[in-house]
Amino acid sequence: MQPDNLQAQQQFHIRQRVRMMVNQYEVHAVAPDGSEGGLLAFAQQKRLAFKEQVTIYTDDSKQQPLLGFKARQRLDLGATYDVTDAAGNPIGTFRKDFAQSLLRSTWHVEQHGLPQVTGQERSLPVALLRRFVDSLSWLPYHFDFTANGQPVFTVVKKWGLRDRYVVEIQHPQIDRRLVIAMAVALDALQAR
């Protein structure tokens, strides 16, 4: 999908594919009835890389990259991830706030021309259960991303056997590619 058409989207469904050796994610549009619509993007996490890296393609043929994100540092608990388009041009960045994330996962997202966006797990009890009771790490979660107290986007992990997410965008200027990168990262990087 072209970035202009992608920017018009207000909601996405993201579904993780079950694979043994690689994390893969399908990003779908939302049909008028709220069900999963057409494929917008396909993400694959690079395995065994020195720096964490995910490439997001226009479809599951993996022929045309749409965007990607890559850690600046290796094995850093508060690493910054650069999000770039297919040509390598910067879209924005995100990073985990390690200190804040000890109790409730917190992320910071930056896009040129917009104020810093901060995303945090909505429920402290669910966040604590997911951290301290290993058998409950599968619990669904809800992240609210805001800037200056105003909603920018949300990511909600749904109940189910496979990881599924609903992403809703409230801010018209936030780059949808940056939102997709952050939503995929919540699954791919959350346990780090």
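**Briefing: salt bridges, core and surface of a predicted chain**

The side chains of aspartate 82 and arginine 72 meet in a salt bridge, at 2.9 Å from N to O (a salt bridge is a side-chain nitrogen of Lys or Arg within 4 Å of a carboxyl oxygen of Asp or Glu). This pair links distant parts of the chain, with aspartate 82 in strand 6 (residues 80-85) and arginine 72 in the loop between strand 5 and strand 6, 10 residues apart. The model is predicted: local features need pLDDT of at least 70, side-chain atom pairs count only at pLDDT 80 or more, and totals for chains, interfaces and linings use all residues. Residues are numbered from 1 along each chain as its sequence is written, and side-chain values use heavy atoms, with hydrogens and water left out.

**Overall make-up**

- The chain holds three helices and 12 strands; these are DSSP runs numbered from the N terminus, helices being H or I of at least four residues and strands E of at least two.
- Of its 192 residues, 46% count as buried (buried means under 20% relative accessible area, exposed over 50%, partly exposed in between, with a 1.4 Å probe and protein chains only).
- The accessible surface of the chain is about 10,100 Å², and 53% of this belongs to carbon and sulfur atoms (Shrake-Rupley method, 1.4 Å probe; for residues, only the protein chains shown count as cover).

**Salt bridges**

- The whole structure contains eight salt bridges.
- Aspartate 82 is partly exposed at 25% relative accessibility, and arginine 72 is partly exposed at 44%.
- Salt bridges that share partners join Arg15, Arg17, Glu26, Glu36 and Asp60 into one network.
- Arginine 15 and glutamate 26 form a salt bridge at 2.9 Å, N to O. Arginine 15 lies in strand 1 (residues 11-17) and glutamate 26 in strand 2, so the pair ties together parts that are 11 residues apart in sequence.
- Both arginine 15 and glutamate 26 are buried.
- Glutamate 36 also forms a salt bridge with arginine 15, with the closest N and O atoms 2.4 Å apart. Since glutamate 36 lies in strand 3 and arginine 15 in strand 1, this pair ties together parts that are 21 residues apart in sequence.
- Glutamate 36 is partly exposed at 36% relative accessibility.

**Core and helix 3**

- The largest nonpolar core has 45 residues, and those with the most contacts inside it are Phe69, Phe94, Phe145, Phe153, Val155 and Met182 (a nonpolar core is a set of buried Ala, Val, Leu, Ile, Met, Phe, Trp, Tyr and Cys residues joined through side-chain atoms within 4.5 Å).
- Helix 3 gives the most to this core, with 11 residues.

**Surface and loops**

- Phe98, Leu102, Leu103 and Leu124 form a nonpolar surface patch with about 360 Å² of accessible area together. Patches are made of residues with over 30% relative accessible area and no salt bridge, like charges being joined within 9 Å and nonpolar side chains (Val, Leu, Ile, Met, Phe, Trp, Tyr) within 5 Å.
- Leucine 124 is in helix 2 (residues 124-132) and is partly exposed at 32%.
- Asparagine 148, in the loop between strand 10 (142-147) and strand 11 (150-158), has a positive phi near 50° and is exposed at 67% relative accessibility.
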